[in-house]
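User: I would like to learn how to read strands, cores and pockets in a model. Could you walk me through one?

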Amino acid sequence: MLPEIFIQPALKALVPNLALGCVAACVSVEKHSEALWREIDQRLAHLAATIKPEQPNTLPQIAAMRGAYKALGKDPSRYRGSAEALLRRVLSGKGLYQINSVVDINNLVSLESLHPAGAYDLEKITPPIELRVGTAGESYKGIGKDLINIENLPVFADADGPFGSPTSDSERAMVSLETRKVLMAVFSFTGPEGLERWMQSAGEMLRRYSGGDGIETSMVA
């Protein structure tokens, strides 16, 4: 089930510490899980109690991601990684979006790991998947957004073109209530250390809260 995923050498040359923690599973997506949200609320309370609102840019994972974006020629304050954007939202007291059980798990993993994470409908993707540098003029329709300029961003692309990035994903491969096979990817800009923990955490929550079955994991560095 887990598709072939690799990192473009040109991207790896610019961002040598880039690594991916990937999880694939068969799932039953729920609109809302009370049990999951009890766990999310507890974990968000802990995050809010341990990280100050002025701290995000100094956290190693977020600082590394911002440095990587600068190396690629992208302004990290304009194109924030999803972990930074979610953390700033939580620390400002706005809480976390409620989307569906798989996306909510993905967002919790992103917040706790402080790494961007993306969740994709595997049946809308044509492998192999390459994480590469967005090329001049490239864009896609973001989830709940207009066209996103993905030039110089790290982007996931398949045979049909780009579909995801550490900043914002596309509508094409988004997870819906009809999704039956999911790929979740954690983007680390600090190397592979610690990714095993987050792959296991994602797999366990997918099993508990989204009927996750046939779970497979892989690290790409």
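Analyst: We will take the sheet, then the nonpolar cores, then the pocket. This is a predicted model, where local features need pLDDT of at least 70, side-chain atom pairs count only at pLDDT 80 or more, and totals for chains, interfaces and linings use all residues. Residues are numbered from 1 along each chain as its sequence is written, and side-chain values use heavy atoms, with hydrogens and water left out.

User: What is the strand order of the open sheet, and why does each edge strand have a side without a neighbour?

Analyst: Elements are DSSP runs numbered from the N terminus: helices (H or I, at least four residues) and strands (E, at least two). Two strands pair if DSSP finds at least two bridges between them. Here 4 strands form an open sheet in the order β1-β4-β7-β8, with mixed pairing. β1 (5-7) and β8 (161-164) each have a single partner strand, so one side of each is left without a neighbour in the sheet.

User: Which way do the paired strands run?

Analyst: β1 and β4 (residues 129-133) run parallel, joined by 3 bridges; Phe 6 has Glu 130 of β4 as its bridge partner. β7 (residues 154-158) and β8 are antiparallel, also over 3 bridges, and Phe 156 stands opposite Gly 164 in β8. A hairpin through 2 residues joins β7 to β8.

User: How do I read a nonpolar core, and which residues have the most contacts inside the largest one?

Analyst: In soluble globular proteins, nonpolar side chains tend to be buried together. A core is a set of buried (under 20% relative accessible area, 1.4 Å probe, protein chains only) Ala, Val, Leu, Ile, Met, Phe, Trp, Tyr and Cys residues joined through side-chain atoms within 4.5 Å. The largest core has 38 residues, and Leu 87, Val 102, Ile 105, Leu 111 and Leu 206 have the most contacts inside it. α6 gives the most to this core, with 7 residues. Apart from it lies another core of 32 residues, including Ile 125 and Phe 189.

User: How big is the largest pocket, and which residues lie nearest its centre?

Analyst: On a 1 Å grid over the protein atoms alone, a pocket is an open set of points where a 1.4 Å probe fits, with protein on both sides within 12 Å along at least five of seven lines; lining residues have an atom within 4 Å of a point. The largest pocket has a volume of about 780 Å³, the space filled by probe spheres set on the points. Of its 25 lining residues, Ser 82, Tyr 97, Lys 145, Thr 167 and Ser 168 lie nearest the centre. α4 supplies the largest share of the lining, 4 residues.

Note on methods: Buried < 20%, exposed > 50% of the residue type's maximum accessible area, 1.4 Å probe, protein only.
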